[in-house]
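Please read these notes with the structure open beside you, and take the numbered points in order.

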Amino acid sequence: MIRHPEYDRARIAQVGERIRALVYAERRAPDRLLVAGPVGRIPFEEATRLEHRPAALGEQFGPAWSTFWFDLAATVPPEWEGSRVDLLFVSHSEATLWMDGRPVQGLNTSRDGPRPDAMLRERAAAEERIEARIELACSGKFGQLEPVYDTVEPVVLDRCEIARFDPQAWSLHHDFDVLRRLEADAGNGLDPSWAGELGRELNRVCNIFREDERATWEAAGEILAALLGRRNAAVVHELSAIGHAHIDTIWLWPLDETHRKLVRTFSSQTAYMERYPEFRFCCSQAYHYDWIRRNAPGLDARIRHRVGTGQWVPVGGTWVEPDCNIPSGESLVRQFLVGQRYFERELGRRHRVFWNPDVFGYNGQLPQIMRGAGIDRFLTQKLSWNRFNRPPHHTFDWEGIDGSRVLAHFPPADTYNAEAEIAEMRRNARAYRDHAFSRRSLLVFGYGDGGGGPTPAMLETLRRTRDLQGVPRTAITTPEEFFEQLDADAAERPVLVGELYFEYHRGTYTTQGGVKRANRECERALHDAELLAAVAGGEYPRRELTEAWELLLLNQFHDVLPGSSIGEVYERAARDHARVAEICAQVAEEALGRLARGRGSTTPVNTVAAARAEVAERPGGDLAWVEAPACGPGQVAAAPGTVAASEADGAIVLENERLRAVIAPDGLVRSLVEVRTGREALTGPANRLQLFDDRPVANDAWDVDPFHLETEADLPPAGSVALVRSDPLRAEVEIRWRFGGSGLRQIVRLDAGSARLEFHCEADWHERHTLLKVLFPVAVRAANATYQMQFGHTERPTHYTTSHDEARFEVPGHRFADLSEHGFGVALLTDCKYGYSTYENRMRISLLRSPTYPDPEADQGEHRFAYAVMPHADGWREAGVVAEAARFETPLRWADGDIEAGSWFAVDDPNLVLDTVKRAEDSDALVLRLYEAHGGRGVARIRVALPFTRAVRANLLEDEETDLPVTGGEIELDYRPHQILTVLVH
């Protein structure tokens, strides 16, 4: 006997293929195969009325995104009576099998792909007539396809036939293949004696197996059954397997194609549940369920039935799986509020697991937001892609900046699209970093990103590996069961505190600047519309505001708002955002109309929770000095000061009682003095617009790689610098640049009484693979810079001492970034930008990118954005940077008519920010959402000008918790550092 591992393994694999071929040894062409198209994405009923023509194997179909409908008829041969009959269909694309007017199963891609077969009859009758339709999409799991072979179109009909399913061959194939794959992975720590026996016995199967002698199948099966009966030791790593299909709501395909992906995926998974009663499939994103409910009621009924049997497991608690860097704090709250309410209303329960595996970083307020929404478990995976520092744990308690904790788990397989491969399962156990705290981990299995989910082959593997020696002890379970067991494993676990920064995809803070601006504008518009509608009285426009919120939340999906989708996605997003703006404008206008009395005059209205005394533009365009309290109408008054503009030595000097700025003929700010302290805020020329070579080694729209910092190049001197306005209330300088194929016009503005120097920009951007930043070198030294984030702030290093510091060369932030030393600091404010970097004293804002994949025209064209610089005495807290950033971002509104000046809501403590005012979801109670902004602790009083009798602390889902003291129209509210608070006012 000659033993050679390479020969043996090759032979074993070859025999495995021979066994697999026997599953469908008998096949027949259909009696009829017709096709209609190309058409768009049309309903089934409309497809049945199309004019069809004969179809042939080898035929090509296109163009991309078009649809073809096949009409198939076949007759079951007499000798197949009582057998299962399947469809074998190969088009190198995605497709859906329809029978009796309902979607039966999704079909996918290729002859050896994940899903080329579907059951037509479980027990066929002789001569039975089978009729079906197939909806073929000229797209693949990841959107547009590349041609196969030498074809012009990538979609080619390579197979369409019915086949007799052989259950004995199916079982023998999976018995053999599981053991073959286990032996093939022997080099990764499999016990050598067990590995030797596996190789020897599989080779023995090869010696006795004959395709045409079923007696040899039985003999082979006996050998395999004995091997599959080998069990693990008493203590072994335990693997919880959870079926899943990650479906990006929008990404490399438009939303309408996602809807078909839902039908394909969900019909497949409900079909498999009939055959595999142990199968559990978890599915997130309330939006997906809602679309199925509205548009595919039959499939919705099947899903609800499987929810009832426990096989279909809703999870997640959010409307979509949102980006967690860019949406506002209130937007993230609404993801949970809208999602949890939907799941409770439609499927009978809220969820405890936040399921968000594919997102590009997680801010440090998420644990508190989760807890407030009834969620105490968290699953993600993406951070395993970190480039500088791998996550130190797979199982840990994640602690938010306020101290809230959730139990977190990262699947060690480093994927949320596992294929239940033997090597993958064994690697899961080897890679797990927390054996000291728990002996279990999670395997999320099923094709994903473009949907699909688990296949029967995966389920067959899991049936055979429940306790197979050499493979982790495996059980199909649910997310909540897994987390319950994980929580019980150890009384103490590692704790990670603060943001989970993703060391990758830093370009997503900036790419597709248009969608980011529209998102910020819609967040502001919804904030204002809800506030004004809540205080105006009358019927609260819940239906309209719900529509607006659901549209906004949909477009905060983690491939839309970050800028990583195809161009068609952003065309739709622009329409959605326009609809949100339209709704909010109408709601706000009607509310102001109810609040105002008389006509012919105008009243300024302040919608932010910070008092204002500033220059504002009236509806007619003229300027006025406005004084307005927090959250309420104000009045026009005499300005206490002026702004002056002068020219000297070719430079333009702008000065008010707080700032003195010098703008040089080249367009740079050469000096910026904080007048009250006499401090120069700059160490060199500022407002330096810089271009960087922006060619990441991969993931064009997603990434800004560190080497871009080595390629900085200042824009050439401005083509023109001119003083274009010099009024007592406002001075403006216009600066114009031309560079490459692009142009930029900037208005530098200083208003009377203002603590900030503003830069309002209009760009005509036509660069490629270029990143535009603006630099402010400031006269401040500090080891950390502060960045606003959702409902709070975070500090990040200004040096590259450790690998963690180096990784943060580009970071996300919201309305401001600040660098402060004792007694003085400088803040940069933005109205719609999210990418920042601070190294030593050099503060930058990332303004525009220009990647070419997946959208070749990303960021091309016109952009509007604004930023400001605010030198200040003392630290950022004492200087009121949070309030100043809100004022800069949110302009005053004007009501047509008179409204008595006064604050509707006011908080007496600057630590506590009133962020949101709305009506409750299920009553007319007012909802006040506040957050502690500075890291302080205390007791605040909230004055409410509207009549009320009772105030109650509530969670984010508006469940009442404890009554609050009320005295003389004021609510007393204690708070702790970084706390988010919700108060219901009845």
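1. Rings of Phe, Tyr and Trp (for Trp, its six-membered ring) count as a pair if their centres lie within 6.5 Å, and planes under 30 degrees apart are called stacked, those over 60 edge-to-face and the rest tilted. By this rule there are 38 aromatic pairs. The model is a predicted one, in which local features need pLDDT of at least 70 and side-chain atom pairs count only at pLDDT 80 or more, while totals for chains, interfaces and linings use all residues. Residues are numbered from 1 along each chain as its sequence is written, and side-chain values use heavy atoms, with hydrogens and water left out.

2. Helices (H or I, at least four residues) and strands (E, at least two) are DSSP runs, numbered from the N terminus. Both Tyr362 and Phe378 are buried, a word that means under 20% relative accessible area, with exposed meaning over 50% and partly exposed in between (1.4 Å probe, protein chains only).

3. Aromatic residues also gather in a cluster, made up of Phe142, Trp251, Trp253, Trp702 and Tyr853.

4. A nonpolar core is a set of buried Ala, Val, Leu, Ile, Met, Phe, Trp, Tyr and Cys residues joined through side-chain atoms within 4.5 Å. The largest such core has 239 residues, of which Trp398, Leu757, Tyr867, Phe905 and Leu928 touch the most other members. A second, separate core of 30 residues includes Leu33, Ala74, Ala118 and Leu120.

5. Strand β5 is mostly covered, with eight of its nine residues buried. Two strands pair if DSSP finds at least two bridges between them; β5 runs antiparallel to β2 (residues 32-39), with six bridges joining them, and pairs in the antiparallel sense with β10 (residues 129-137) over nine bridges. Within these pairings, Val39 stands opposite Thr67, and Trp69 stands opposite Glu135.

6. Leaving aside neighbours within four places in sequence, Ser66 is in contact (heavy atoms within 4.5 Å) with Pro38, Val39, Leu136, Ala137 and Cys138.
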